[in-house]
Amino acid sequence: MTNKDDVVFGAIRQVPNLRSELADTLIAQIEAGVLKPGQRLPTEQAIVQATGVSRTIVREALATLRAKGLIATRQGLGAFVSTHPTPRSFTIPPDQLESIDEIQRVLELRMGIECEAASLAAMRRTPEDIETIQGSLDALDRAIDEGGYGAQEDYAFHRSILVATHNPYYSRLFDTFGSSMVPRQWARLDRMTATERKRHAARMRREHHAIFAAIRDGNETAARRAIRAHLARSAARFEEMREQLSTP
């Protein structure tokens with residue numbers, strides 16, 4: 001590598017053996033202009049040394065960038081940043097949510113989106129919207145009562161609120177992320193006692209019903225407050241889980 005390349009790639013933080021994290025780091029550098037159009041990337045071995053990940057992960061990350069049109073490989077010369085890189089589409093694949101830190105980041109994103117959406121829904125909802133949200137809430141209640149995770153029902157409930165904003169970009173954004181926005185695989189209901197599961201179900205019901213009531217009543221402030229409280233409590237539960245996992 002040249003000294004310039006040392007500066008660029010020396011800034012990459014150490015990451016676990018996850019292709020997505022290394023790819024995201026490189027993509028961010030391309031989008032920020034740190035890696036400029038036409039610039040040659042260091043060799044695979046140089047990236048391995050800079051990042052601490054395996055050569056296999058480096059190759060997979062570079063393959064991801066090639067598939068997105070962000071880099072191109074020239075025979076015998078190496079990989080170069082594309083002269084006209086195509087825009088990157090943002091997704092959150094479920095298999096990326098492998099840590100509590102990632103879950104917390106998704107919850108922060110949801111707060112930014114859903115608090116404003118709940119307020120808009122309270123202001124703009126129609127009788128048909130209220131009926132749809134109520135139906136999603138009833139389905140979620142049934143799923144929880146039957147001892148399930150209610151992941152799909154929970155997703156449908158939150159999505160119905162976004163639809164009620166009558167701003168299609170909200171629901172389209174949620175659809176882009178898919179069920180990753182409601183990462184219920186970490187709920188771990190199977191590890192709860194019967195009493196804990198009952199308490200969890202009651203809390204979930206209260207929180208969702210408070211959100212629905214505020215939107216139904218057209219109370220923008222209460223709707224925003226209710227959904228923020230719901231997501232903040234979820235974040236707090238994950239923080240408790242982190243502490244439990246770190247306890248010997």
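This is a predicted model: local features need pLDDT of at least 70, side-chain atom pairs count only at pLDDT 80 or more; totals for chains, interfaces and linings use all residues.
How many aromatic pairs does the count come to? The count comes to one aromatic pair, formed by Tyr155 and Phe174.

**Nonpolar cores**
- The largest nonpolar core has 19 residues, and those touching the most other members are Leu22, Ile30, Leu41, Val58, Leu62, Leu65 and Ile71.
- Two or more residues of this core come from each of α2 (19-32), α3 (44-51), α4 (55-67) and β2 (78-81).
- A second, separate core has 17 residues, including Leu137, Ile211, Phe212 and Ala223.
- When neighbours within four places in sequence are left aside, Leu65 is in contact with Ala23, Leu26, Ile27, Ile30, Leu70 and Ile71.

**Helix α3**
- Ala46, Ile47, Val48, Ala50 and Thr51 are buried in α3.
- Gly52 follows α3 and has a positive phi, near 85°.

**Aromatic rings**
- A pair of aromatic rings is described by the distance of the centres and the angle of the planes.
- The ring centres of Tyr155 and Phe174 are 5.4 Å apart and the planes lie at 15°, so this pair is stacked, given that planes under 30 degrees apart count as stacked.
- The pair links distant parts of the chain, with Tyr155 in helix α7 (residues 151-163) and Phe174 in helix α8 (residues 168-177), 19 residues apart.
- Tyr155 is buried, with a relative accessible area of 13%, and Phe174 is buried, with a relative accessible area of 1%.
- Arg74 lies over the face of Phe80, 3.9 Å from the ring centre.

Technical notes
Residues are numbered from 1 along each chain as its sequence is written. Side-chain values use heavy atoms; hydrogens and water are left out. A nonpolar core is a set of buried Ala, Val, Leu, Ile, Met, Phe, Trp, Tyr and Cys residues joined through side-chain atoms within 4.5 Å. Buried means under 20% relative accessible area, exposed over 50%, partly exposed in between (1.4 Å probe, protein chains only). Helices (H or I, at least four residues) and strands (E, at least two) are DSSP runs, numbered from the N terminus. Contact means heavy atoms within 4.5 Å. Rings of Phe, Tyr and Trp (its six-membered ring) pair if their centres lie within 6.5 Å; planes under 30 degrees apart count as stacked, over 60 as edge-to-face and the rest as tilted. A charge sits over a ring if NZ of Lys or CZ of Arg is within 6 Å of the ring centre and within 35 degrees of the ring normal.
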